[in-house]
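User: I would like to learn how to read a protein model step by step. Could you take me through one?

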Amino acid sequence: MTPDEYCQHKAAASGSSFYYSFLFLPPERRRAITALYAFCREVDDVVDECTDTQVAHAKLAWWRSEIAGLYAGNPQHPVTRALRPFTGTFRIDAERLNEIVTGMEMDLSQTRYLNFADLERYCYHVAGAVGLLAAGIFGYRNPRTLEYAKNLGTAFQLTNIIRDVGEDARKNRIYLPMDELKRFEVPASDILQAKYSENFRRLMEFQTRRAESFYDKAMQSLPAEDRRTQRAGLIMAAIYRATLAEIEQEGFKVLTHRTSLTPLRKLWLAWKTWISA
């Protein structure tokens, strides 16, 4: 299996909405974004699959050394070997890759967030930094596109948090800010025990409006001259916003249910967005 084949397999096997946005890209850009996505999956898997925190920290430290090896011209892993041809061409820099690793390290040491400022920092590391790298791969001329990419990455992560409340709670993780749980009178124990209430529904409505505000800020900051090159990100936004709307229509049953769109609907949204953007 070549490095590109490895990354393609990693991306396709995840079943992620991101995969559908890659389908319409030119071959070189598709190879680069698939390699970046595979990198994100690899470091995320360290956190998800390692039960021993020390082992997970050691593996993430190895990834930091592998990033250094990538820019020294000696990558060892299939993912970094696949990324190597594109680091200069598409502005894939070491600082951003290391910021993503920092986000994964936060998951090893933190399972609660006191307020949104703390959560937003986490969102930047695990999603905003990815958005900035992706914007470079898709191509842009106006620097304001980076503001769009950062806001869109945060919107994606907030959507993930809303969708995965129950799944995260089963891992003893709560990404909803603690001060907002207090404001809406939702005890953390209710989330951990999957106890649905009207207060919980109101809390999730509040989280949804915030996520939507980040989608809106992203779209408002995307310069017209870069809209066409950033169509892959717009496809992701269409799929994620449709998922968010579906969650709300279902009454925020996220404590016991994980909402996802069918592959056919994702493909339809991808095609519709690509031709209209």
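This is a predicted model: local features need pLDDT of at least 70, side-chain atom pairs count only at pLDDT 80 or more; totals for chains, interfaces and linings use all residues.

User: How many helices and strands does the chain have?

Analyst: Helices (H or I, at least four residues) and strands (E, at least two) are DSSP runs, numbered from the N terminus. Here the chain has 14 helices and 0 strands.

User: What does the radius of gyration say about the chain?

Analyst: The radius of gyration is taken over C-alpha atoms, and the globule rule is 2.2 Å times the number of residues to the power 0.38. For 277 residues a compact globule would have a value near 19 Å, and the 18 Å of this chain agrees with that. Along the principal axes, the C-alpha atoms fill a box of roughly 55 × 50 × 35 Å. Of the 277 residues, 53% count as buried, where buried means under 20% relative accessible area, exposed over 50% and partly exposed in between (1.4 Å probe, protein chains only).

User: How are α12 and α13 placed relative to each other?

Analyst: Axes are lines fitted to C-alpha atoms, for helices over the stretch in contact, and angles run from 0 to 180 degrees between N-to-C directions. The axes of α12 and α13 (residues 231-249) come within 11 Å and cross at roughly 160°. That makes the two helices roughly antiparallel, since angles under 35 degrees count as roughly parallel, over 145 as roughly antiparallel, 65 to 115 as roughly perpendicular and the rest as oblique. Their contact (heavy atoms within 4.5 Å) involves residues including Y215 and M219 of α12 and Y240 and L244 of α13.

User: Which loop holds E185, and is E185 buried or exposed?

Analyst: E185 lies in the loop between α10 (178-183) and α11 (188-192), and E185 is exposed, with a relative accessible area of 60%. Although E185 is not a glycine, it has a positive phi of about 55°.

User: Where is A194, and what is its phi?

Analyst: A194 sits in the loop between α11 and α12 (198-221). A194, which is not a glycine, has a positive phi of about 55°, and A194 is partly exposed, with a relative accessible area of 32%.

Technical notes. Residues are numbered from 1 along each chain as its sequence is written. Side-chain values use heavy atoms; hydrogens and water are left out.
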